[in-house]
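Welcome, and thanks for taking a look at this one with us. Please open the model and keep the sequence beside it.

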Amino acid sequence: MTLNSFLKLEPAYRDYVWGGDRLRPGHNPTAEAWVVWENDIIESGPLAGKTLGEVAAQNGAALLGTKSIERTGNRFPLLIKLLDCAQWLSLQVHPNDELAVQMEGPGQFGKTEAWHILESQTGAKLIAGLKPNISADVLADSIRNSSIIDHVQYASVSQGDTIFMPAGTLHALGPGLLVYEVQQTSDWTYRVYDWGRPQTETRKLHIEKSIQSTRTDFTAPIIPPPAYGDGTTHKLVECEYFTLELLSAASHTINLDTKGESFHAITVIEGNAILKNEGEQVQLEKFQTAVVPANMGAYQLIPAGNCKALKSSA
Ligand SMILES: [Zn+2]
């Protein structure tokens, strides 16, 4: 079967305590918009009403691409969220694939992720990794006695910065940030420290699993914005799980091609744009997302004035 339609998705929202009002005005707090998720519903076109996961299960490589199928089968391999942070998120860590299987069972995946800063209030900070030279013993003790926060690496970030975080990197987003996050589809997040907020059934700390998962040998670098132009494409992050690119255009069309290898997930982050192939076109406003099936081949992004979009592929 071939898939020739752009799949525009309805985001699912999460209203966690640390959220703000930028993603869904009138619904405060809204913490997260899950703009690409296996349970998101397709908004229009011949597959309207189905979930992305159902289309993946039924169409395999036509949607996901040959590269993705090889690694994770018919499961949609990426989760993409927009996060509106009005308070500090919990300090957390994710296992790698190997530890996910060891600690959570067969068929489980770890989580490597990347952030792209969409908006940043002056002085906004995040935590990415540990300070240099923290030993395994100090790490374990300080996680157990809640003094880990003395050993983490804070970073000031601005709009357009990107941070790559392999599984095992301690991380937390701070107040005043609006962030695009791309990650492996995985359920495993271990909460290391929660700023003294009460531990409830749904907000527990995971002390021993955090100690096992955290790596002490890596501090995530801040990748500054590339020198973009009109009609340019820049690779921000490339790893074994995903590639994240910045598309920037004002009047020039950008030609793109899935080549059958992977789907593309296109999220407009500034202005708006039209995605177009021979048969159809779809309009994307700011923060809207469409998944382009891997078997579509060549298509175009046509900007309507100044436009930026992020493209993730597997
Ligand atoms: Zn995370």
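This is a predicted model: local features need pLDDT of at least 70, side-chain atom pairs count only at pLDDT 80 or more; totals for chains, interfaces and linings use all residues.

Residues are numbered from 1 along each chain as its sequence is written. The chain divides into domain 1 (7–223) and domain 2 (232–313), with bounds that come from an automatic or database domain assignment.

**Where the domains meet**

- The centres of domain 1 and domain 2, taken over C-alpha atoms, are 22 Å apart.
- Domain 1 brings 27 residues to the contact and domain 2 brings 25; residues are in contact if their C-beta atoms, placed from the backbone, lie within 7 Å.
- On the side of domain 1 that touches domain 2, the elements giving two or more residues include β1 (7–10), α2 (61–64) and β12 (177–184). Helices (H or I, at least four residues) and strands (E, at least two) are DSSP runs, numbered from the N terminus.
- With four residues, α2 gives the most to this side of domain 1.
- This side of domain 1 has 18 nonpolar, seven polar and two charged residues. Here Ala, Val, Leu, Ile, Met, Phe, Trp, Tyr, Cys and Pro count as nonpolar, Asp, Glu, Lys and Arg as charged, and the others, Gly among them, as polar.

**The nonpolar core**

- The largest nonpolar core holds 89 residues, and V179 and L275 have the most contacts inside it. Such a core is a set of buried Ala, Val, Leu, Ile, Met, Phe, Trp, Tyr and Cys residues joined through C-beta atoms within 7 Å; buried means that 20 or more other C-beta atoms, placed from the backbone, lie within 10 Å of the residue's own.
- Both domain 1 and domain 2 give residues to this core, so it lies between them.
- Leaving out residues up to four places away in sequence, V179 touches L83, C85, W115, H116, I117, L118 and L173.

**Helix α1**

- In α1 (residues 52–59), L52, V55 and A56 are buried.
- These buried residues fall within an arc of 100° seen down the axis of α1, so they line one face of the helix; the arc is that of the directions from the helix axis to the C-beta atoms.
- Among the elements covering them are β1, β4 (41–42), α2 and β20 (289–292).

**Strand β8**

- Five of the six residues of β8 (residues 125–130) are buried.
- β8 pairs with β9 (residues 152–156) in the antiparallel sense over four bridges; strands pair if DSSP finds at least two bridges between them.
- L126 has A155 in β9 as its bridge partner.
- β8 also pairs with β11 (residues 171–173), antiparallel over three bridges, and A128 stands opposite H171 in β11.

Note on methods
Two residues are in contact if their C-beta atoms, placed from the backbone, lie within 7 Å. A residue is buried if 20 or more other C-beta atoms lie within 10 Å of its own, exposed if 12 or fewer, and partly exposed in between; C-beta atoms are placed from the backbone.
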